[in-house]
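Subject: Structure handover

Hi,

Here is the structure I promised to pass on. My notes follow below it.

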Amino acid sequence: SATWFGFYLAKEITVPVQKLANGIHEVANGNLDLHIEAGTDDEIGSLMNSFNKMTFDLKASKSMLEEANIGLENTNIELDQRRRYMEILLKNVGAGVISIDKEGRVSTINKSAEKIFGITAEQAINKSYNEVFASEYLNGVKKLLEEVTCSTGGTIKRQIRLSLPDETLTLLISVAMLRDEDRNYMGLVVVFDDLTQLQKAQRAEAWREVARRIAHEIKNPLTPIKLSAQRLRKRYLNKFSDNGKVFDECTKTIIDQVEDLKSLVNEFSNFARMPATNLYPNDINKIIKDALVLYQEGHSNIKFEFKEGKHVPIFDIDREQIRRVIINLLDNAVDSIEKKGTVLIETFYDDALQVARVEIADTGCGIPQKERSRLFEPYFSTKRSGTGLGLSIVNTIVSDHNGYIRVKENYPKGSRFIIELPVRV
Ligand SMILES: Nc1ncnc2c1ncn2[C@@H]1O[C@H](COP(=O)(O)OP(=O)(O)O)[C@@H](O)[C@H]1O
Ligand SMILES: [Mg+2]
């Protein structure tokens, strides 16, 4: 009977256990569709049933997990798309946008805001706005933010002027408080509009009108005045016996002063009706060289140098107007040098940006920080007989060429004017 028992074990126990072991192996390899026939209803049978239930449950929870995963993935994709959309949107609005969380830390800052304030996102993100706007220049912004945070009201809109190192900006700032549905404070969103260019344009336009009128009113009587003085001289100069000197001097002064007035008025009317630009292919190096010749002869106390950029291409510019730009800048450079000094002109070409650059540096008196932003405004002059129109004409011409002009300190002393002109070759 031991032999019989042995057979029984082999057939009734070992075979199902073998089946089960195979089944577990398959499940482990991922086959959840496996079903093992129970056959008997003893312990072995119920073990089989438990195994089948387990694979069934495993299969159900696995498919639930998969579904949840797909759902999550979709939400993630959607969130990501939305986030990217918001980012692109923020990046492309001209206004500066900064959001600040409820702890007062900067949570987003867009490109325009970075540019307006001269700070980078890395410098600002997750830092307290107190820290980000700590510099003296940005103090105005900080104060405004503090004001909003302390007030209970929702939005503040205000125009402020900021004196940055290189320029003075006029900004229209609106600060809005963010609240969730339950009116809990969530932070601030700050939107900045740079009105500087707009204001400058408006001011320039107003000045242009003034210049037009002044030029018109003054120019007309000048010629008759001069002609009359000349006639008086011709007729009476040798009729005086002893007082002739006074008469001579006075009439001369009148004629000379009228000449001065005329050139002044000419400058006014040049400014008032700037001719439209005539763009033709021209060699900017040649224009500079030609202009420099005039100066090299006239000023023995000043050394004029020209470092000619080698790869500056021929490109579309208005020769007459660019000549005026160079001459105006040279005039100023010469005026800034009291005794001895150097004026250096350099040209460069940036191949990657396709920008031609002209730099005019002098070793003159330099320009105080606070005057830099007003330099290009019409009628701003620190000279006793200056018209203050030179740089504003320069600025207009450079803008008409879609270019950009700025001024920096020159080392070790003096000023450096930098003009960048786009080249379309
Ligand atoms: N190279 C320079 N160095 C120092 N100051 C300058 C220079 N260029 C311009 N400025 C300042 O800018 C002012 C405006 O220049 P501009 O518009 O040409 O008018 P103007 O020469 O008639 O004064 C000058 O009065 C002077 O104070
Ligand atoms: Mg000048």
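Strand 1 and strand 5 (residues 185–194) pair in the antiparallel sense, through six bridges. Within that pairing, Val97 has Val191 of strand 5 as its bridge partner. Please keep in mind that this is a predicted model.

Strand 1 also pairs with strand 2 (residues 106–109). Those two run antiparallel as well, joined by three bridges. Here Ser99 stands opposite Thr108 of strand 2. Four residues separate the two strands in their hairpin, and Gly104 there has a positive phi near 85°.

How buried is strand 1 (residues 96–101)? Six of its six residues are buried, so the rest of the structure largely encloses strand 1. In a regular strand, side chains alternate between the two faces of the sheet. Both faces of strand 1 are covered. Gly96, Ile98 and Ile100 are buried on one side; Val97, Ser99 and Asp101 are buried on the other.

Now the ligand. Ligand 1 sits in the second largest pocket. There are 20 residues around ligand 1, and the nearest are Asn332, Asp362, Ser381, Thr382 and Lys383.

- Thr382: 2.4 Å, from a polar side-chain atom.
- Lys383: 2.7 Å, from an N or O atom in the side chain.
- Gly388: 2.9 Å, from a polar backbone atom.

On its own, ligand 1 has 530 Å² of accessible area, and the protein covers 94% of that.

Which elements build the shell around ligand 1? Helix 10 (319–336), helix 11 (390–400) and strand 12 (415–422) each supply at least two residues. Helix 10 gives the most, with three residues.

Some backbone geometry to look at in the loops:

- Tyr411 and Pro412 are joined by a cis peptide bond, with omega about 0°. Pro412 lies in the loop between strand 11 (404–409) and strand 12.
- Arg183 has a positive phi near 60°, and is not a glycine. Arg183 is in the loop between strand 4 (168–179) and strand 5. Its relative accessibility is 58%; exposed means over 50%, so Arg183 counts as exposed.
- Asn402 also has a positive phi near 60°, again in a residue other than glycine. Asn402 lies in the loop between helix 11 and strand 11. Asn402 is exposed, with a relative accessible area of 54%.

Best wishes

How values were computed: Residues numbered from 1 in each chain as written. Chains lettered and ligands numbered in written order. Predicted model: local features only at pLDDT ≥ 70, side-chain atom pairs only at ≥ 80, totals over all residues. Heavy atoms only, no water. Buried < 20%, exposed > 50% of the residue type's maximum accessible area, 1.4 Å probe, protein only. Pairing = 2+ DSSP bridges. Near = heavy atom within 4 Å. Polar contact = N/O pair within 3.5 Å; in protein donor to acceptor, adjacent residues only side chain to side chain. Areas by Shrake-Rupley, 256 points an atom, 1.4 Å probe, with all protein chains shown as cover. 1 Å grid on protein atoms, 1.4 Å probe; cavity = no way out; pocket = protein on both sides within 12 Å on 5 of 7 lines; lining within 4 Å. Sits in = over half its atoms within 2 Å of the grid points.
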